[in-house]
Amino acid sequence: MDTPAAHPEPARGPTVSVVIPAKDDAPNLRRCLTALAAQTVPAEEVVVVDNASTDTTAEVARAHGARVVHEAAPGIPAAASTGYDAATGTVIVRCDADTVAPPDWLERV
């Protein structure tokens with residue numbers, strides 16, 4: 001007797017991680033994360049790199065569902081690198097905390 005063929009998993013596209021380096025950017029980050037939440041194709045994950053902020057940047061990120069990683073070395077290059085290392089997506093997209101992406105941004109990427 002033949003056994004039924006296994007049903008293959010449907011093909012899945014690449015997973016997208018958005019990396020956002022941020023230092024003392026809570027108000028801008030709130031707008032950025034709100035825009036990312038409204039994407040027509042959502043990111044698999046959003047990684048906010050808290051670059052030694054003294055404001056509520058990390059709390060804002062967590063409140064919007066982002067994963068927060070920390071980088072003590074000052075500057076965007078160090079923070080971005082930490083975010084890239086932490087990202088799990090097959091495609092990594094980086095933006096600044098003051099970015100307000102249009103709703104189809106990740107879909108176009």
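A salt bridge here is a side-chain nitrogen of Lys or Arg within 4 Å of a carboxyl oxygen of Asp or Glu. By that criterion, the side chains of Arg94 and Asp96 meet in one, at 2.8 Å from N to O. The model you are looking at is predicted, and it holds 3 salt bridges.

- Strand β2 (45–50) is largely enclosed by the rest of the structure, because 6 of its 6 residues are buried.
- Glu45, Val47 and Val49 point one way from β2, while Val46, Val48 and Asp50 point the other way.
- β1 and β2 run parallel and are joined by 6 bridges; across this pairing, Ala22 stands opposite Asp50.
- β2 also runs parallel to β3, with 4 bridges between the two, and here Val47 stands opposite Arg67.
- Helix α1 (residues 26–37) makes a right-handed β-α-β unit together with β1 and β2.
- Another right-handed β-α-β unit is made by β2, helix α2 (residues 57–63) and β3.

**Helix α3**

- Helix α3 spans residues 76–86, and its buried residues are Ala79, Ala80, Thr82, Gly83 and Ala86.
- Viewed down the axis of α3, these buried residues fall within an arc of 160°, so they line one face of the helix.
- What covers them? The cover includes β1 (16–22), β2 (45–50), β3 (67–70) and β4 (91–94).
- On the face of α3 turned away from the buried side you will find the exposed residues Pro77 and Asp85.

**Salt bridges**

- Glu45 pairs with Arg67 in a salt bridge whose closest N and O atoms are 2.8 Å apart.
- This pair links distant parts of the chain, with Glu45 in strand β2 and Arg67 in strand β3, 22 residues apart.
- Glu45 is buried at a relative accessible area of 12%, whereas Arg67 counts as partly exposed at 33%.
- In the Arg94 and Asp96 salt bridge, Arg94 is partly exposed with a relative accessible area of 31%, and Asp96 is partly exposed with 32%.
- Arg108 and Asp104 bring their side chains together in a salt bridge at 3.2 Å, N to O.
- Of that pair, Arg108 is exposed, with a relative accessible area of 55%, and Asp104 is partly exposed, with 29%.

**Gln39, a buried loop residue**

- Gln39 sits in the loop between α1 and β2, yet is buried, with a relative accessible area of 7%.
- The side chain of Gln39 reaches the backbone oxygen of Pro102 at 2.9 Å.
- A polar atom of the Gln39 side chain also lies 2.9 Å from the backbone nitrogen of Leu106.
- Leaving aside neighbours within four places in sequence, Gln39 is in contact with Ala101, Pro102, Pro103, Asp104, Trp105 and Leu106.
- Among these contacts is Asp104, whose side chain meets that of Arg108 in the salt bridge described above.

**Backbone angles to check**

- Most residues other than glycine have a negative phi.
- Asp24, in the loop between β1 and α1, is not a glycine but has a positive phi of about 50°.
- Asp24 is partly exposed, with a relative accessible area of 31%.
- Ala52, in the loop between β2 and α2, has a positive phi of about 60° and is likewise not a glycine.
- Ala52 is partly exposed, with a relative accessible area of 39%.

Definitions and conventions: Residues numbered from 1 in each chain as written. Predicted model: local features only at pLDDT ≥ 70, side-chain atom pairs only at ≥ 80, totals over all residues. Heavy atoms only, no water. Buried < 20%, exposed > 50% of the residue type's maximum accessible area, 1.4 Å probe, protein only. Arc of directions from axis to C-beta. Contact = heavy atoms within 4.5 Å. Pairing = 2+ DSSP bridges. Right-handed = clockwise from strand over helix to strand, strands pointing away. Polar contact = N/O pair within 3.5 Å; in protein donor to acceptor, adjacent residues only side chain to side chain.
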